[in-house]
Amino acid sequence: MKKLTLFLALLFAGIASIAQEMQTYQYAERDTLKLYLDFYTPAQVHDSTICVVYVFGGGFIGGHRDGDFEKAYFKQLVDEGFQVAAIDYRLGLKGVKNLSITHSEPLENAINWATEDAISAIAYLLDHSKELKVNKDYIVMIGSSAGAITSLQTDYVLCNGFLNSDILPEDFHLAGVVSYAGAIFSHEGKVQYRNHAPAPTMMYHGTADRLVPYKQIKFFKLGFFGTDALVDRFEKFDYPYFARRFEGYGHSVAVGGPYTVDDLLWFCRHYIYNKERIQVDGTYNNLDPATMPPYDMYTPKDLYK
């Protein structure tokens, strides 16, 4: 990966060019907290235009839907013809300390809140699909870190009828999910998709990620299942997926979105438009350690202390 600072320097000048194509909407209110989404529209919208619901990262303690990094990434997506809905969500781990598998309730609550908010954002898009020109059959969730957890968890919830999934039409399915360093929280042991199969899923993860598990963390039936564990499930049940593993990398893979737009275009063409039930799995080795930012080896103790 190239350095994030170089990417922002190259694209910062182009951020303003998408501002005029963006509208902000309040999609929900939780207690006194108003939740918004920024909706970016490409120059041309067709019946088959894909709407990306983007969920930012930040450990459920910070982050923004409209940060400079996010705006630069959205410009790439809009230039490629995607609609983008960048959403707020409740940050449920603010002030939480000493997270662990035996002190996981705050994490579970934070994931559930963010997932409920994401589902509400999708409901807003569907309720306003005519004016926004959103096709319900082409909604893809993309998330980074906490946003990747939320994106994977949203599809898991929709497939199992959990939380507030009943506010969406019964026949609604996500067209795809893209996770940059994400995982699924489950009380059921291994992840199960009971009511219908998961959406085609693209997963990126560093094998040395110490913040969001690349493999899994389990305590009896309670578990947090990362890319490696999810691929095993997708393989077992023949679900379509696209996985990229980064040998020796930690959590910096979470900011990989801007560097993998070509992968995303390929994924959308084959998995969403052509509906190919294929499985792609690859590992990047011998990556340059100099490209790893300082937070690459963060652990929960670095954030929740």
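**A covered strand and its salt bridges**

Strand S6 is covered on both faces: Gly176, Val178 and Tyr180 on one side, and Val177 and Ser179 on the other, are all buried. Buried means under 20% relative accessible area, exposed means over 50%, and partly exposed lies in between (1.4 Å probe, protein chains only). The model is predicted: local features need pLDDT of at least 70, side-chain atom pairs count only at pLDDT 80 or more, and totals for chains, interfaces and linings use all residues. Residues are numbered from 1 along each chain as its sequence is written, and side-chain values use heavy atoms, with hydrogens and water left out.

In a regular strand, side chains alternate between the two faces of the sheet. Strand S6 spans residues 176-180, and five of its five residues are buried, so the strand is largely enclosed by the rest of the structure. Strands (E, at least two residues) and helices (H or I, at least four) are DSSP runs, numbered from the N terminus.

S6 has pairing partners. Two strands pair if DSSP finds at least two bridges between them. Strand S5 (residues 139-144) and S6 pair in the parallel sense over five bridges. Here Ile142 stands opposite Val178 of S6. From S5 the chain crosses through helix H6 (residues 146-160) to S6, in a right-handed β-α-β crossover. Right-handed means that, with the strands pointing away from the viewer, the path from the first strand over the helix to the second runs clockwise. S6 also pairs with strand S8 (residues 201-206), in the parallel sense and over four bridges. Tyr180 has Tyr204 of S8 as its bridge partner.

The structure holds eleven salt bridges. A salt bridge is a side-chain nitrogen of Lys or Arg within 4 Å of a carboxyl oxygen of Asp or Glu. One of them joins the side chains of Asp88 and Arg65, at 3.1 Å from N to O. This pair links distant parts of the chain, 23 residues apart. Asp88 lies in the loop between strand S4 (83-87) and helix H4 (105-127). Arg65 lies in the loop between strand S3 (51-55) and helix H3 (68-79). Both Asp88 and Arg65 are buried.

Asp137 forms a salt bridge with Lys136, and their closest N and O atoms are 3.3 Å apart. Asp137 is partly exposed, at 46% relative accessible area. Lys136 is partly exposed too, at 33% relative accessibility. Glu188 and Arg194 form another salt bridge, with the closest N and O atoms 2.3 Å apart. Salt bridges also link Arg30, Arg90, Glu116 and Asp117 in a network.
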